[in-house]
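Keep the viewer open as you read.

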Amino acid sequence: MKIVRNSMVLLGCISLLFTACKSNLKKEIEKKKPNIIFIMSDDHAYQAISAYDDKLIQTPNIDRIAKEGMLFTNASVTNSICAPSRAVILTGKHSHINGKIDNLSPFDTTNITFPQILQKAGYQTAMFGKLHFGNNPKGFDEFKILPGQGDYYNPKFITQKGDTTITGYVTDIITDLTLDWFKNRRDTEKPFMLMYLHKAPHRSWLPAERHYTEFTNKTFPVPATLFEDYKGREDIAGSAEMNILKHMGLQYDTKVYPEVIEELGIKDLNYYNPIGRMNPEQRASWDKVYQPINDDFKQRYPQMNDSTLMLWKYQRYMQDYLGTIAAVDENVGRVLDYLDEEGLAENTMVIYTSDQGFYLGEHGWFDKRFMYEESFKTPLLIKWPNVITPGTTEEEMVQNLDFAQTFLEIAGVTAPEDMQGESLVPLLKGEKEKWDRDAVYYHYYEYPAEHAVKRHYGIATKEYKLIHFYYDVDKWELYDRLKDPQELNNVIDDPKYAGVLSEMQEKMKAVRLKYKDSDSLSNGYINLYKEKGWIKE
């Protein structure tokens, strides 16, 4: 009996000691400035992450971030196009304030970015992958970035020591560069902020060789709106040039060989050959899988009509698009595994997001740009051990505008007063009572331009979305996000929504005032397009 009692006392002491050690460890971690790893892919639709929806693909490594942290279901962007989104993330300011309204205009390098502030505060900073604009990003101790869009195979990189070309597949290479930095040049005496930025799954969607066979043999479910006719909004949705049937190139996008297109007498879009950078060995591996696809298309095409061609293009789009994501997921896993193995995970915030959402056949589309749900909404998963409760789902309205202030707060740095976002820290800590945003703002500018998506701005709440299309049209659209998640029914003229419309219009005025946007600013940017000759009068 005495032995049992003594054993129980000993177990109790061990338990108390373990609890005390765990508490002390947590206090030690809290004393240190947390590391930050910002992982961003390009055009990664939330529909193509299994933590959101597992109908198209399994992404177990990206999902790990949600399982160990928080999944945001109402994250969005302020301007759904590559370079402006990145400028918003870096500056914490809307496009009309930081000046990077589109992919055409240059980035104003007098903008102060959050990496500059963190670097000054003692963080070691690095960037590897796709920035999309500029060749000398400020605030980084080291960078290796792709010029412009970059290439999937044998990509060129811009570095502080000059340009270099690396043989291999871009997603693997960006991860190799990242892990090499961790192993050989990370300063263990400093906290770090790493931007790990993938090119994939940006158009023209070239998978890694290891995924060719797996994905080209898959058939994917067809979206309910693939054959949408844009009835009632022909001059807005119907005039956009991103329909899979009409605007997706056979060579550039679905990988039909030029000689096949010529033999069949097809008039195709004039884009460069995306597999042209492959070396002979890579090209042989490609042809082994894609030549039979071309042979099959050559036999099928004479009997195809618009419906069957649309379905064929959709499946080819999904096969290559999702194939590129498979490599992203694998490589995210490599980085997460390294953090665990090296004991870095415990004091590191890891963020996974995309520069915007993307259409995977919804409304018959590919690409982004619209404020409609699939391009407006972006994936966001964050893990922060000892702070975020694992497996949490957050429904509050957050944006890419909020990242800069979030990172500065967790680093213990006061954000500049002219940043326009809100730190996500209260939500990450489960302190929702400190979060009072009920609407987010969006503004798209790049028109006339590729894909012909008209200029528009709007606000969204959890329940509704109000959009104003302008410049060569003057159209308003109102959507009930809960009753009409596919956004097919514009209720702007529905008497039942008169009260909602009035409330949303007032909210729009207040939000535009808050973020310092106006019609005069919009007109100024239109005049800029005219001065540059991008608008021909």
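Two strands count as paired if DSSP finds at least two bridges between them. Helices (H or I, at least four residues) and strands (E, at least two) are DSSP runs, numbered from the N terminus. Before we go on: this is a predicted model, where local features need pLDDT of at least 70 and side-chain atom pairs count only at pLDDT 80 or more, while totals for chains, interfaces and linings use all residues. Residues are numbered from 1 along each chain as its sequence is written, and side-chain values use heavy atoms, with hydrogens and water left out.

Start with strand 9, residues 348–354. On one side, strand 1 (residues 35–41) pairs with strand 9 in the parallel sense over seven bridges, and here Ile37 stands opposite Val350. Strand 10 (residues 380–383) runs antiparallel to strand 9, joined by four bridges; look for Tyr352 opposite Leu381.

How covered is strand 9? Seven of its seven residues are buried, where buried means under 20% relative accessible area, exposed means over 50%, and partly exposed is in between (1.4 Å probe, protein chains only). Thr348, Val350, Tyr352 and Ser354 point one way and Met349, Ile351 and Thr353 the other, and all are buried.

Next, find helix 3, residues 82–91. Because 10 of its 10 residues are buried, helix 3 is largely enclosed by the rest of the structure. Those buried residues pack against strand 1, helix 4 (95–98), helix 5 (114–120), strand 4 (124–130), strand 8 (192–197) and helix 13 (403–410). Just past the end of helix 3, Gly92 takes a positive phi of about 70°.

Now over to a loop. Pro274 sits between helix 9 (258–264) and helix 10 (280–300). Is Pro274 buried or exposed? Its relative accessibility is 12%, so Pro274 counts as buried. Setting aside neighbours within four places in sequence, Pro274 is in contact (heavy atoms within 4.5 Å) with Ser204, Leu206, Gln251, Tyr252 and Lys255. Tyr230, by comparison, is 44 residues from Pro274 in sequence and 31 Å away in space, C-alpha to C-alpha.

Finally, the surface. Leu311 lies in helix 11 (residues 306–341) and is partly exposed, with a relative accessible area of 32%. Together with Val222 and Phe227, Leu311 forms a nonpolar patch with about 240 Å² of accessible area. Areas come from the Shrake-Rupley method with a 1.4 Å probe, and for residues only the protein chains shown count as cover. Patch members have over 30% relative accessible area and no salt bridge; like charges are joined within 9 Å, and nonpolar side chains (Val, Leu, Ile, Met, Phe, Trp, Tyr) within 5 Å. A salt bridge is a side-chain nitrogen of Lys or Arg within 4 Å of a carboxyl oxygen of Asp or Glu.
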